[in-house]
Amino acid sequence: MDAMNESLSPLGVYKEGMPWNPVEKVIMERRSVRRFKKQPPSDNLIRRILESARFAPSAGNSQPWKFIVIKSPEIIAEMERDATRITKLFMFFYGYTMYKGIRRLVSKIMANFSVMRLYKNEFCTPPFFAMTQAAEDQTVYFHGAPVLIMILQDKRGVSNPSVDVGVVGEHIVLAAHSLGLGTCWLGFARLLTYYPKWRKKFGLGQHPYKFGNCICLGYPAFKADKEVPREVQIVEWHEGSMNGIPRFERQGE
Amino acid sequence: MVFQDSKGRVNKMKHFTLYEKYKIPTYDNPKQIQSAEIDFDYTKCNQCGLCIVACAWGSILTDSCNRADILTGKFKGKTGLPWVKRTANDQVKICMGCLTCMAACPTGAISIKKSFRPGYRLTKICQAPEMKYPKRY
């Protein structure tokens with residue numbers, strides 16, 4: 001027990017302005033990796049990463065997840081092809097930033113009165129632009145990754161199972177990064193749920209499970225880790241009495 | 001909810017009007033979407049193509065290639081000087097300022113001038129426009 005406390009003590013003691021400890025360093029310097037070496041990570045390395053996922057916290061210890069490891073280049077290539085195909089279909093109708101003149105106008109009206117209202121989160125600015133880029137063959141969704149880990153969400157999970165999927169995914173991502181792998185979240189794998197073929201293959205629609213998220217893994221082809229600037233965050237601090245006004249602090253400045 | 005003035009200071013509580021709450025911004029109108037602006041220092045650039053590969057949307061291009069070309073192995077060698085793609089009406093740059101390109105750049109040729117700020121329904125309330133590196137408190 002003593003040895004255990006000792007090994008953890010440099011992580012646990014806080015001094016003002018001290019350098020990042022190893023956990024913080026992984027968090028601060030991790031960037032998404034979008035190009036991988038061909039050589040896939042060994043099976044035991046993937047098992048080791050999934051072990052850190054097994055011990056992720058979840059609401060009521062319900063563990064509302066199922067993992068699917070995809071290592072076949074053939075299957076990943078077909079996923080890529082199908083995801084791009086359905087993107088092209090969507091963007092043919094709704095991708096108005098790709099067009100000019102009358103076609104843009106018609107497309108914009110169609111988008112604003114249908115998908116932009118129905119699927120608010122899927123069609124906000126970032127995924128919309130990413131999909132227009134994929135539809136124009138400017139980018140690929142799966143980055144040629146050697147391994148995908150698909151996380152399915154158990155609909156019967158306690159309280160809010162999608163949060164638990166996020167937590168388990170972050171465990172996978174940080175553990176993989178600390179072991180020298182590059183990772184990237186691939187929320188666009190959700191596009192495959194429109195195909196009965198993929199729903200059947202991965203059980204995406206079979207009763208307890210639905211699509212949660214997807215993470216790609218592999219040895220990074222180049223060094224992508226560095227600290228980058230981010231927006232200053234405004235945080236509300238309540239310190240005074242019940243009737244007091246909160247203090248707004250600019251976190252990070 | 002918090003409202004920031006032009007300097008990013010918090011001065012009063014922001015309430016969305018009904019119009020602002022439901023109005024979808026036009027994604028290729030610069031008055032309704034402020035896209036991020038990254039700046040390439042072409043004197044430092046060695047045309048390795050790592051920023052093109054690292055870009056989440058594949059929106060960094062050169063004359064000779066784009067991201068899909070490099071990833072699928074169609075293109076190899078020196079890429080030429082990169083720039084950021086714009087929407088079809090040439091008004092808005094397709095960039096969200098995630099800065100993965102900045103981290104990937106081996107010569108430090110990329111810097112950011114403006115952060116990504118969509119308007120109306122997607123207005124960011126608790127993120128000030130300034131970009132800062134992580135701070136060791």
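**Ground rules.** I'm working from a predicted model, where local features need pLDDT of at least 70, side-chain atom pairs count only at pLDDT 80 or more, and totals for chains, interfaces and linings use all residues. Residues are numbered from 1 along each chain as its sequence is written, with chains lettered from A and ligands numbered from 1 in the order in which they are written.

**Confidence.** I looked up the complex scores: the predictor gives an ipTM of 0.89 and a pTM of 0.90. Within chain B, strand β2 (residues 10-13) has the lowest confidence, with a mean of 52, while strand β6 (residues 83-84) has the highest, at 94.

**Chain B fold.** I found four helices and nine strands; helices (H or I, at least four residues) and strands (E, at least two) are DSSP runs, numbered from the N terminus. Read from the N terminus, chain B goes β-β-α-β-β-α-β-α-β-α-β-β-β. Of its 137 residues, 32% are buried, meaning 20 or more other C-beta atoms, placed from the backbone, lie within 10 Å of a residue's own. I also checked contacts (C-beta atoms, placed from the backbone, within 7 Å): of those in chain B with a separation of 6 or more, 60% are between residues 24 or more positions apart.

**The A/B contact.** Chain B puts in 42 residues and chain A 43 residues. On the chain B side, α2 (50-54), α3 (67-71), α4 (100-104) and β9 (127-132) each supply at least two residues. β9(B) gives the largest share, six residues. By class I get 28 nonpolar, eight polar and six charged residues on that side; Ala, Val, Leu, Ile, Met, Phe, Trp, Tyr, Cys and Pro count as nonpolar, Asp, Glu, Lys and Arg as charged, and the others, Gly among them, as polar.

**β9(B) again.** Strand β5 (residues 230-237) of chain A runs antiparallel to β9(B), joined by four bridges (pairing takes at least two DSSP bridges). I noted A:Val232 opposite B:Ala128.

**Helix α8(A).** I checked the length of α8 (residues 161-178): its 18 residues should span 26 Å at 1.5 Å a residue, and the end C-alpha atoms are 26 Å apart, so the two agree. The expected span is 1.5 Å times one less than the number of residues. Its buried residues include A:Val165, A:Val168 and A:Ile172. The buried residues of α8(A) pack against elements of chain A including α3 (43-54) and β4 (209-218). After α8(A) comes A:Gly180, with a positive phi near 95 degrees.

Notes
Two residues are in contact if their C-beta atoms, placed from the backbone, lie within 7 Å. A residue is buried if 20 or more other C-beta atoms lie within 10 Å of its own, exposed if 12 or fewer, and partly exposed in between; C-beta atoms are placed from the backbone. pLDDT is the predictor's confidence in each residue, from 0 to 100.
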